[in-house]
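Please keep the sequence and the model at hand while reading.

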Amino acid sequence: MTELTYEAYLDEVTTLLTELYDLEDDAAIKLVVDAQEAEYFSPHDDHPEMRTLQRAREDAVALFEARQNRVKTQQQQRARRKPSTPR
């Protein structure tokens, strides 16, 4: 398998997010930058064998699913905080 440079790998993950999930470029970039800041990609930087096209697809899916889970959790928390309307 072809190993990508770290920068090319991040670009590939970003591109896959836009292609697989129809995210706008800005949203995909933010997702990757946020993951990078959370050190999600640190092992990829240290281990070039992790930077493959297959792994990029897996990471894109994982990042998107994590985002969806966060959004769902936030919606549930907001729903619990809403005061119920008296009947």
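Helices here are DSSP runs of H or I with at least four residues, numbered from the N terminus, and with that numbering Glu39 falls in the loop between H2 and H3. The model is a predicted one. Its protein chain holds four helices and zero strands, and the order along the sequence reads α-α-α-α.

**Overall build**

- The radius of gyration of the protein chain is 17 Å, whereas a compact globule of 87 residues would have a value near 12 Å.
- Taken along the principal axes, the box filled by the C-alpha atoms of the protein chain is roughly 65 × 25 × 20 Å.
- Of the 87 residues in the protein chain, 28% are buried.
- When contacts in the protein chain between residues at least 6 apart in sequence are considered, 65% of them join residues that are at least 24 apart.

**Packing of H1 with H2**

- Two packed helices are described by the angle between their axes and the distance between the axes.
- For helix H1 (residues 6-21) and helix H2 (residues 25-37), the angle is about 135° and the axes lie 9 Å apart.
- Angles over 145 degrees would count as roughly antiparallel and those from 65 to 115 as roughly perpendicular, and H1 and H2 are therefore oblique to each other.
- The crossing of H1 and H2 is right-handed.
- On the side of H1, the contact is made by Tyr6, Leu10, Val13, Thr14, Leu17 and Thr18, and on the side of H2 by Asp25, Ala28, Ile29, Leu31, Val32 and Gln36.
- Sorted by class, the contact of H1 with H2 consists of eight nonpolar, three polar and one charged residues.

**Packing of H1 with H4**

- H1 also packs with helix H4 (residues 53-81), at an angle of about 60° and with the axes 9 Å apart.
- That angle makes H1 oblique to H4, and the crossing of H1 and H4 is right-handed.
- H1 contributes Tyr9, Glu12, Val13, Leu16, Leu17, Leu20 and Tyr21 to the contact, while H4 contributes Leu53, Arg55, Ala56, Arg57, Asp59, Ala60, Val61, Leu63 and Phe64.
- The residues in the contact of H1 with H4 comprise 12 nonpolar and four charged ones, with no polar residue.
- Val13 and Leu17 of H1 are named in the contact with H2, and Val13 and Leu17 are also named in the contact with H4.

**Loop residues**

- Asp22 lies in the loop between H1 and H2, and it has a positive phi of about 55° although it is not a glycine.
- With a relative accessibility of 68%, Asp22 counts as exposed, because exposed means over 50% relative accessible area.
- Ala38 belongs to the loop between H2 and helix H3 (42-46), where its relative accessible area of 60% makes Ala38 exposed.
- Ala38 and Asp11 are separated by 27 residues in sequence, and their C-alpha atoms are 17 Å apart in space.
- Glu39, found in the loop between H2 and H3, is another residue other than glycine with a positive phi, here near 65°.
- The relative accessible area of Glu39 is 56%, and Glu39 is exposed.

Methods
Residues are numbered from 1 along each chain as its sequence is written. This is a predicted model: local features need pLDDT of at least 70, side-chain atom pairs count only at pLDDT 80 or more; totals for chains, interfaces and linings use all residues. Side-chain values use heavy atoms; hydrogens and water are left out. Axes are lines fitted to C-alpha atoms, for helices over the stretch in contact, and angles run from 0 to 180 degrees between N-to-C directions. Helices (H or I, at least four residues) and strands (E, at least two) are DSSP runs, numbered from the N terminus. Angles under 35 degrees count as roughly parallel, over 145 as roughly antiparallel, 65 to 115 as roughly perpendicular and the rest as oblique. A crossing is left-handed if the near helix is turned anticlockwise from the far one by less than a right angle, and right-handed if clockwise. Contact means heavy atoms within 4.5 Å. Ala, Val, Leu, Ile, Met, Phe, Trp, Tyr, Cys and Pro count as nonpolar, Asp, Glu, Lys and Arg as charged, and the others, Gly among them, as polar. The radius of gyration is taken over C-alpha atoms; the globule rule is 2.2 Å times the number of residues to the power 0.38. Buried means under 20% relative accessible area, exposed over 50%, partly exposed in between (1.4 Å probe, protein chains only).
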